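Here are some notes to read alongside the structure, for anyone meeting it for the first time. Take them in order, with the view open beside you.

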Amino acid sequence: LYCIDESMLLKIKKILDYSLKYYDNYEDNHFIISTCLKELLQNSLKANHKRLFFKKNNLDIHNQQDYQKGMKHFKKTLKKKLWPQYNKLAKEQNLYVQVIFQFENDGITLEVSNNSNINTFDIKKIKNKISQFSKSKTFIDFYQNFHDNSEGEGLGLALILNLLKGNNISYKHFKMSFSPKKSKSSIKFPVTKISNPVESYHDE
């Protein structure tokens, strides 16, 4: 997918509505999984938009000076609500985001990936945010001490970690991997199945 719109959100809701009936704690699971999914989707789409922004402004996202220069203006671009313009560019240049659900007996795995080539600066920022949150007692403590003004302040990632912590889900269930052609985040939610295995969902 190249953007988050109402039809996409409705499709995701239908998948979760259908599949989560086969697991316990329907409402709690629905909330945490849908919230984490939205945050991961936004992060992945924003990463694609960032690459388009750098390319459009003739900046090398892998060059430290260009990166620092570009990031000063990228957040301003986000505030100007230029998402539709970048959604269109993403589709034209085939920069997409992929979502995969795995519904299994011992839990549900959510995987969100994009085909952008992440740079070392962003990988370092992500690792720092995870480390900083693990040192924070609360979400508010993280925001007051470690929020990042260069982009989205790292709140989306912190929100995911906070939800996992609040639901007693170990951080080991949240994994991120990076390669030249793919950046992937996955979360396994250890929920209990209460009925027969779920059949594959096919959207009509």
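Predicted model: local features only at pLDDT ≥ 70, side-chain atom pairs only at ≥ 80, totals over all residues.

1. Asparagine 87 has a relative accessible area of 17%; the cut-off for buried is under 20%, so asparagine 87 counts as buried. If we set aside the neighbours within four places in sequence, asparagine 87 is in contact with Tyr2, Cys3 and His49.

2. Histidine 49 turns up again when we look at leucine 82. Along the chain, leucine 82 and histidine 49 are 33 residues apart, and their C-alpha atoms are separated by 9.8 Å. Leucine 82 belongs to the loop between α3, residues 64-79, and α4, residues 83-92. Its relative accessible area is 30%, which makes leucine 82 partly exposed.

3. Next, a look at α2, which covers residues 26-56. How far does α2 reach from its first C-alpha to its last? The span is 44 Å over 31 residues, close to the 45 Å expected at 1.5 Å a residue. Of those 31 residues, 22 are buried, so α2 is largely enclosed by the rest of the structure.

4. As background, most residues other than glycine have a negative phi. Asparagine 58 is in the loop between α2 and α3. Is asparagine 58 buried or exposed? Its relative accessible area is 71%, so asparagine 58 is exposed.

5. You will find asparagine 94 in the loop between α4 and β1, the strand made of residues 97-104. With a relative accessibility of 40%, asparagine 94 counts as partly exposed.

6. Now for a pair of helices. Two packed helices are described by the angle between their axes and the distance between the axes. For helix α5 (residues 120-135) and helix α7 (residues 155-166), the axes come within 10 Å and cross at roughly 40°. That angle makes α5 oblique to α7. The crossing of α5 and α7 is right-handed.

7. Which residues make the contact between α5 and α7? From α5 come Ile126, Lys129, Ile130 and Phe133, while α7 supplies Leu157, Ala158, Leu161 and Asn162. Sorted by class, this contact of α5 with α7 has 6 nonpolar, 1 polar and 1 charged residues.

8. Finally, let us step back to the whole chain. How many helices and strands does the chain have? There are 7 helices and 4 strands, and from the N terminus on they run α-α-α-α-β-β-α-α-α-β-β. The chain has 204 residues, of which 41% count as buried. Contacts in the chain with a separation of 6 or more can also be sorted by sequence distance: residues 24 or more positions apart account for 68% of them.

Notes
Residues numbered from 1 in each chain as written. Heavy atoms only, no water. Helix = DSSP H or I, 4+ residues; strand = E, 2+ residues; numbered from the N terminus. Buried < 20%, exposed > 50% of the residue type's maximum accessible area, 1.4 Å probe, protein only. Axes fitted to C-alpha atoms, helices over the stretch in contact; angles between N-to-C directions. Parallel < 35°, antiparallel > 145°, perpendicular 65-115°, else oblique. Left-handed = near helix turned anticlockwise from the far one by under 90°. Contact = heavy atoms within 4.5 Å. Nonpolar A, V, L, I, M, F, W, Y, C, P; charged D, E, K, R; others polar. Expected span 1.5 Å × (residues − 1).
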